[in-house]
Amino acid sequence: MLVSERPGQSTILIIDLNKPKLTSARVKTKHITRAKYYVTCIVVSVLSMLAATAFLSQRNRENEEKLRQMNVQLSALKAQIPERADTSKLRGYIEHIEKKLSSINKTLLKRGVRGFSKDAAGGGSEVLSSLPLVENYALMDQYVSRVLSGISNVPLGYPGQPSVTSRFGFRNDPYDFSRTEFHPGLDFRGNQGDAVKSTAGGKVVRAGWFSGYGKCVRVKHIAGYETLYGHLSKIVVREGETITAGQLIGKVGSTGRSTGAHLHYEVRLHNKLINPVKFLNLVN
């Protein structure tokens, strides 16, 4: 109990239920006022700290949720990044492709067809697709292999000199200009003894005299193609022999129904005559 007796001083009565008498103490009033102020400050500080703790706890939970969402998004982005390409595999595919392109060029040149540049064998932006880079080059390697196989076994290019003297189709009969006849192939200019080469790999099915063709070579190729080389002066292959594109098969002559040294050349597909001019170069 606080009792005020004089200005500036106060008497504090201390009540003890276990004692019959009261105990008193005299203190300055300003000390009691300050004690109230201090208690109030402490209570306000404690309440403020409790409120701040609750606020920070809530923010911490919000930040943890944002971090979790960011990790989920980061994982999704990582999954979209392609795996690093195996450069040794890429180099291997590029080397294979360049070798096959070189083989294609050599095959074309052996048959009198101009090749192409392979400086950009590594590819440009158009080579890339949605597939990983290694798979792109693997597919390119397979494709070039098919092209090489096709070019090696399909009649392409010139069997002799690249100068045509008589074309496919109807023409004046060289023995009787008053009549017309169907010419089943192309005639190429040539001198007696000039080289005659196969325009594709295949198997020799005839090597000998064949009616008006004189000395003749017929070669059967894959996919139903067949080529014929007529009026030869000499044959250097045998029936049943397997030959390659650009291989020497005979020499230019004028045997059979012929008016002079030249090479007669025919192309058939499934036994049906085709205009050989379509196979002389890549453009046709």
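Q: What makes strand β11 (residues 225–235) and β14 a pair, and in which sense do they run?
A: In this predicted model, six bridges join β11 to β14. Two strands pair if there are at least two bridges between them, so β11 and β14 count as paired. The strands run antiparallel, and E226 stands opposite R268 in β14.

Q: How do you know that β14 pairs with strand β7 (residues 186–189)?
A: The two strands are linked over four bridges in the antiparallel sense, against a requirement of at least two. F188 stands opposite L263 of β14.

Q: What makes β14 and strand β15 (residues 272–274) a pair, and what lies between them?
A: Three bridges connect β14 with β15, again antiparallel, and the cut-off is at least two. R268 faces L273 in β15. The two strands form a hairpin with two residues between them, where H270 takes a positive phi near 50°.

Q: Why is strand β14 (residues 262–269) described as mostly covered?
A: Seven of the eight residues in β14 are buried. In the chain, buried residues make up 29% of the 284 residues.

Q: Is H262 called buried or exposed, and why?
A: H262, which lies in strand β14, has a relative accessibility of 12%. Buried means under 20%, so H262 counts as buried. Leaving aside neighbours within four places in sequence, H262 is in contact with residues including D187, F188, H231 and V252.

Q: What makes the pair H262 and S258 a polar contact?
A: The side chains of H262 and S258 are joined at 3.5 Å, and the limit is within 3.5 Å. The H262 side chain also reaches the backbone oxygen of G260 at 2.8 Å.

Q: How do you know that D173 and R257 form a salt bridge?
A: The N to O distance between their side chains is 3.1 Å. A salt bridge requires a side-chain nitrogen of Lys or Arg within 4 Å of a carboxyl oxygen of Asp or Glu, so this pair qualifies. D173 lies in strand β5 (residues 169–173) and R257 in the loop between β13 (248–252) and β14, so the bridge ties together parts 84 residues apart in sequence.

Q: What makes R257 and E181 a salt bridge?
A: Their closest N and O atoms are 3.5 Å apart, and the limit is within 4 Å. E181 lies in strand β6 (residues 176–183), so this pair ties together parts 76 residues apart in sequence. E181 is buried, at 17% relative accessible area. Salt bridges that share partners join R171, D173, R179, E181, D187 and R257 into one network.

Q: How do you know that R218 and E226 meet in a salt bridge?
A: Their side chains come to 2.8 Å, N to O, against the limit of 4 Å. E226 is buried, with a relative accessible area of 14%. A search of the whole structure finds seven salt bridges.

Q: Where in the chain is confidence lowest, and where is it highest?
A: Strand β1 (residues 2–6) is lowest, at a mean of 49, and strand β10 (residues 215–220) is highest, at 98. The mean pLDDT of the chain is 77, with 58% of residues at 70 or more.

Definitions and conventions:
Residues numbered from 1 in each chain as written. Predicted model: local features only at pLDDT ≥ 70, side-chain atom pairs only at ≥ 80, totals over all residues. Heavy atoms only, no water. pLDDT = per-residue confidence, 0-100. Buried < 20%, exposed > 50% of the residue type's maximum accessible area, 1.4 Å probe, protein only. Polar contact = N/O pair within 3.5 Å; in protein donor to acceptor, adjacent residues only side chain to side chain. Contact = heavy atoms within 4.5 Å.
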